[in-house]
Every structure is written in structure tokens, then in C-alpha cells.
Amino acid sequence: MDSRATRVLAITGITLLSGALAYAYYFDYKRRNDAEFRKNLRKEKKRVSKAVAQSKESLQSVKVDGQPSTFEEALELVRKEEPPASPEGKESYFMSQVAMGEQLSAKGPSHYLAAATCFYRAMKVYPSPMELMVIYEQTLPQPIVTVVIQMMSADAKQRHEGFYEAFPPKSMKTRVEGRRGRKVLIVTEDVAAGEVIYKEQPVVTALDADLQESGKYCAHCLRSIQSGTSVELSKDANPINSTFCSKACLTANKTQSHNLLFTSESPLPPALGQPLSAEGRAARLKAQERYIALLKKEKRAAPVLLGRFIARQIAVETAKMSNLATPDSDFTNAEGYLLADHIERLRYIDLKPSQEERHALVDVLQTALPGIENLVKDAYATLLGKITYNAFGVCFGDDGRDDKSASAARPEDVEKTRTPLGTSRQIGTAFYTLSCYLAHSCDPNAHPSFSSGTAELSLVATRDLKKGDELTIAYVDVKKREGETTVECRRRRRIELVRGWRFACPCQRCVEEGKELSGEEKVIDATLEKDGSKVDAVVSRYDSEVENNNVE
């Protein structure tokens with residue numbers, strides 16, 4: 001790929017994840033395997049003249065004198081248009097826009113802006129924009145390519161800046177704000193101690209490995225299951241022995257992730273899915289066997305959560321295409337944004353997962369929906385780092401569980417989650433879109449509660465809060481334990497924070513207690529990593545631009 005295509009990749013960043021995934025599969029599969037479909041695409045070109053005539057008025061509204069204002073008018077025209085929703089409609093729209101762009105391009109430089117507008121419209125519905133961009137660069141006049149790139153950049157910037165206007169909803173009584181070089185959660189009204197600030201459902205969950213096959217907890221909502229009340233899948237469709245508390249949880253789990261990751265059922269609706277051949281089914285089941293074996297060997301939640309997150313992303317897009325309702329309590333369908341828009345903005349830590357682990361998920365995706373594996377093939381480590389950094393431990397009761405066996409792994413390798421009771425007290429792990437923005441403090445002003453008996457997170461104020469206060473929770477157990485000195489308690493929690501999230505806590509409690517350290521202890525304390533977490537480069541760049549503009 002040449003330098004211009006590389007530049008486009010930098011502009012779009014990992015927002016390539018946010019394409020219409022189910023449509024991408026449908027489009028590519030039908031184009032490769034259905035002769036009648038290809039014939040219909042060729043017929044579509046004959047309708048170009050009619051499409052040109054119908055769009056003449058809108059094209060004339062865009063002047064083509066090459067001035068910056070003209071570019072803005074052209075971009076605004078595209079933004080106001082609502083592209084077709086169905087796969088067939090998108091394909092028809094794509095073909096007509098490309099054909100119009102070709103006709104306008106042939107008329108010369110005075111029509112280049114109008115041509116670029118058409119080509120950009122086509123790109124907005126194409127399932128593989130980078131692939132199309134390479135074709136544009138090879139076949140179109142350079143001025144048109146430049147305008148298309150500028151439109152991509154402007155749209156990406158607007159989309160980035162508008163995200164935190166749409167998220168979180170005002171009903172959550174919070175907003176995301178930049179402070180100290182990172183995004184944090186701010187309360188938007190006064191809150192009294194003990195008051196629930198908001199409630200949030202998880203996007204995905206995973207039971208602790210030792211509880212997955214116990215039948216004691218629901219594999220979807222994590223609710224404790226009373227004896228004789230469980231609901232289970234058929235044995236041949238349940239290779240990981242999941243148990244559910246209700247038919248609703250079973251159905252949701254199947255739809256959101258289980259079908260794609262652990263069965264040979266199509267993850268797409270009948271209208272979009274294609275039956276697997278015997279060879280394809282065998283390959284898929286074999287890939288799933290390797291994936292399940294890997295999960296059982298690793299006994300970690302993050303690989304499970306990541307697989308379910310990718311599957312959930314596909315399920316959300318499929319639901320939209322099928323006009324099915326999706327829950328809004330986990331913010332996956334915030335207006336104009338997708339799950340990928342959430343995760344691309346989150347902080348992460350660098351991880352080095354094994355090739356075996358990466359290939360296990362990639363093969364499952366590839367055999368289920370060829371092409372979808374590209375979502376994680378090159379970004380697996382980063383996505384895993386985001387899940388790991390932002391995962392919460394789900395603990396029930398005041399103290400959590402007390403029957404979890406100690407890990408045989410080195411302390412620095414033990415998986416950690418955000419929970420003030422300590423990871424050893426949790427029954428499972430969950431990933432949330434809003435609570436990810438909660439910063440740590442060893443003297444927090446809020447705490448996560450799971451008082452509903454499920455993975456629904458309630459954020460409760462631990463003291464009176466004023467509008468504009470930053471919300472903080474404890475990622476680890478910050479209470480002084482019996483027999484611990486103040487210095488020992490401080491050292492323990494700071495070591496846990498470095499191991500789990502790679503930062504040395506700068507909170508006021510740590511600062512004050514640090515005054516009691518000996519000279520040698522102060523030297524050791526100074527060596528702790530200040531903050532080893534990261535954000536994606538493109539997100540960091542746009543955030544910096546926004547902050548600079550606000551200062552100006």
C-alpha cells in the first residue's frame with residue numbers, strides 16, 4: 001500500500017471496525033458466489049442515467065469553483081443525506097454514485113468537486129472503504145482523490161468531536177471530560193451520599209473459569225441460580241456447559257455471541273445467512289474446539305470477553321439490518337455511533353498475547369463469517385489490552401465470594417479487574433461503556449454495586465458530591481487490613497495498581513501517606529511507572545486538536 005493509502009488508514013484509525021459487518025459479509029459472499037446477483041449489478045448500471053437525472057438538482061446545489069466554502073457545501077450535502085439501509089439498496093446506491101462520479105470526472109476539472117462528492121457517497125456505504133480507496137487512487141485523477149481524503153478527514157473529525165455530545169445520555173447525570181490529559185467522568189448535578197448516580201448494563205460478561213460449568217450462576221447476567229430453576233441449551237449446542245437463569249438470558253446470550261462462537265448455527269438471520277457446506281461446518285467446529293481448549297487452558301476472562309465483544313458487535317449491526325430492537329441501556333445503539341466508536345476511545349495497556357491465542361479467535365471468526373476475522377487479525381493485542389484495562393469484577397454481597405482457589409500464576413501475571421473487594425472475591429467479569437471512564441482513587445467518592453443480583457452496575461456515591469466533581473472508584477481493595485501498617489497498605493495497593501493498570505496512584509491519600517516513607521522506600525516508590533496506559537494515536541491527535549481549539 002502506498003503512502004497515500006497509509007495516510008487514509010491513519011485518518012480512519014480503528015473506526016474501520018465500525019462498518020456494517022453483516023452487510024459486508026452478505027455483499028462479498030453474494031458477489032463471489034451468486035451469478036444472478038452479479039447479473040443484477042450489471043443491470044444496475046443501465047439505471048445510471050435515470051439516477052443522474054434524479055440527482056441533478058442536488059448536484060447543482062454544489063458549486064464547483066474549488067473554493068473552501070464550496071468544499072464545505074459539498075460535505076454538508078453528503079452529511080444530510082440518509083443512505084439506504086438494506087443490502088440491496090446500498091448496492092444500488094453504490095453503483096449509481098460511482099457511475100455518476102465517473103461521468104462527472106470525464107467532464108473535466110470544473111466538475112471534479114461534484115465527482116468527488118459522488119465517489120465519497122459511494123465510499124460511505126461500501127463495506128471495505130480502504131480497499132475502495134486504493135482503487136480510487138489507482139483510477140481517479142489526483143485532485144478528486146485529494147478531495148475524497150479531505151472529506152474522510154473532516155467527517156472523522158466531526159464524528160470524533162460529536163461523540164461526547166451524544167454519550168452518555170443526560171439521564172445518567174454524568175458527562176465525559178478531559179482532565180489531567182485523560183478522559184474522566186464528571187457528575188452533572190449535586191448528589192447525596194448513598195444515592196445511586198446511574199445504573200448500567202454490561203455489553204458482555206464472563207463467569208470466572210471455575211464457575212463456568214458449575215451451574216450455580218447464569219452465564220449471561222451472572223445471577224445466582226436456585227437449585228432446579230436453571231435453563232440450559234441442548235447438549236450439542238452447549239460445548240462450554242453454560243447455564244442460564246431464564247429463557248430470556250438464554251436467548252440473548254445465543255443471539256449476542258454464543259451462536260457465532262460456539263455453535264455451527266448461522267450468526268445471521270435467514271435472509272442474510274448462507275447454509276454451510278459439510279466441509280465448512282467441520283472446519284468451523286474444529287476451530288471452535290481449539291478456541292474452547294484455549295479458553296479452558298488460559299482460565300482468563302479477557303479472551304472470552306473479547307470474543308463476545310466482537311460477536312456482539314456483529315449482532316448489533318445484524319439487528320439493525322433486520323429492524324430488530326436492541327437494548328439502549330448499554331449504549332450500543334447511541335444515535336449515529338456503534339460499539340466500535342466506544343472501544344476505540346478507551347485506554348489500554350500493551351499486552352503480548354500468544355499467537356495460539358490470537359489465531360484461536362481469528363479462526364473461529366473466519367470459519368463463521370469469512371472476512372470478519374480482519375476485525376481482530378492485526379488489532380488483537382490492542383483490543384485485548386482495552387478489555388483488560390477496563391474490565392470490572394462483579395461481586396455480590398458486602399464481601400463477595402470466599403471460595404476461590406489461589407492462582408498458581410506469578411502475582412504480576414494474575415488477571416485483575418476493577419473491584420474494591422479484590423479480584424479474588426468476584427464471580428465474574430463484565431465490560432461497560434460508561435463505567436470505563438471512572439478513574440481510580442484510594443479515597444474514592446463512589447463505588448460500584450451489584451445489588452440487583454446481576455451484572456447490572458449501580459454507581460453509588462460514598463459522600464456528598466457537587467456538580468462538576470470528578471467521579472472516582474477504587475480499582476483494588478484500599479482498606480487497611482488487620483495487622484497492616486499504613487505504609488504496608490499503601491505499598492500493597494500501589495503494587496496491585498501497577499501490576500493491573502500500570503500506573504502509580506497520584507491520589508491525595510497516597511501523597512499524604514507517602515510522607516511516612518523512609519528514604520529507601522521513597523526511592524523505590526519513585527521507580528513505579530507513572531502511567532503505562534495508552535490511547536489510540538488518532539484519538540489522541542483529535543483530542544489534542546479539540547483541547548487546543550478550546551484554549552484558543
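A cavity, on a 1 Å grid over the protein atoms alone, is a set of points where a 1.4 Å probe fits but cannot get out, and its lining residues are those with an atom within 4 Å of a point. This is a predicted model, in which local features need pLDDT of at least 70 and side-chain atom pairs count only at pLDDT 80 or more, while totals for chains, interfaces and linings use all residues. Residues are numbered from 1 along each chain as its sequence is written, and side-chain values use heavy atoms, with hydrogens and water left out.

**Cavities**

- The count comes to four cavities of 30 Å³ or more, and the largest cavity holds about 60 Å³ of space, where grid points are joined across faces, edges and corners and a volume is the space filled by probe spheres set on the points.
- Lining the largest cavity are Lys 254, Thr 255, Gln 256, Ser 257, His 258, Asn 259, Leu 260, Pro 267, Ala 311, Ile 314 and Ala 315.
- Helices α11 (247-262) and α13 (301-321) each supply at least two residues of this lining, and the largest share, seven residues, comes from α11; helices (H or I, at least four residues) and strands (E, at least two) are DSSP runs, numbered from the N terminus.
- The lining divides into five nonpolar, five polar and one charged residue, where Ala, Val, Leu, Ile, Met, Phe, Trp, Tyr, Cys and Pro count as nonpolar, Asp, Glu, Lys and Arg as charged, and the others, Gly among them, as polar.

**Helix α7**

- Helix α7 (residues 87-106) has 20 residues and reaches 29 Å from its first C-alpha to its last, close to the 28 Å expected at 1.5 Å a residue, the expected span being 1.5 Å times one less than the number of residues.
- Of the 20 residues in α7, 14 are buried, so that the helix is mostly covered; buried means under 20% relative accessible area, exposed over 50%, and partly exposed in between (1.4 Å probe, protein chains only).
- Just after α7, Gly 108 takes a positive phi of about 105 degrees.

**Salt bridges**

- A search of the whole structure finds 35 salt bridges, each being a side-chain nitrogen of Lys or Arg within 4 Å of a carboxyl oxygen of Asp or Glu.
- The side chains of Asp 155 and Lys 124 meet in one of these, at 3.2 Å from N to O. Because Asp 155 lies in helix α10 (residues 142-166) and Lys 124 in helix α8 (residues 112-125), the pair ties together parts that are 31 residues apart in sequence.
- Within that pair, Asp 155 is buried at 10% relative accessibility, whereas Lys 124 is partly exposed at 45%.
- Arg 345 and Asp 341 also form a salt bridge, at 4.0 Å from N to O, with Arg 345 buried at 4% relative accessible area and Asp 341 buried at 0%.
- Glu 513 forms a salt bridge with Arg 493, the closest N and O atoms being 2.6 Å apart. This pair links distant parts of the chain, since Glu 513 is in helix α18 (residues 508-513) and Arg 493 in helix α17 (residues 486-501), 20 residues apart.
- Glu 513 is buried at 14% relative accessibility, and Arg 493 is buried at 0%.
- Salt bridges that share partners join Asp 208, Asp 210, Arg 401, Asp 403 and Lys 404 into one network.

**Cysteines**

- The structure holds zero disulfides, a disulfide being a pair of cysteine sulfur atoms within 2.5 Å.
- Cys 507 is in no disulfide, and the nearest cysteine sulfur, that of Cys 505, is 3.4 Å away; Cys 507 is buried, with a relative accessible area of 10%.
- The sulfur of Cys 510 lies 3.7 Å from the closest cysteine sulfur, in Cys 442, which is too far for a bond, and Cys 510 is buried at 0% relative accessibility.

**Loops and backbone**

- Most residues other than glycine have a negative phi, and most peptide bonds are trans.
- The peptide bond from Phe 167 to Pro 168 is cis, with omega near -5 degrees, and Pro 168 lies in the loop between α10 and β1 (174-179).
- Lys 299, although not a glycine, has a positive phi of about 55 degrees; Lys 299 lies in the loop between α12 (278-298) and α13 and is exposed at 59% relative accessibility.
- Arg 502, also not a glycine, has a positive phi of about 60 degrees; Arg 502 is found in the loop between α17 and α18 and is partly exposed, at 25%.

Terms used:
On a 1 Å grid over the protein atoms alone, a cavity is a set of points where a 1.4 Å probe fits but cannot get out, and a pocket is an open set with protein on both sides within 12 Å along at least five of seven lines; lining residues have an atom within 4 Å of a point.
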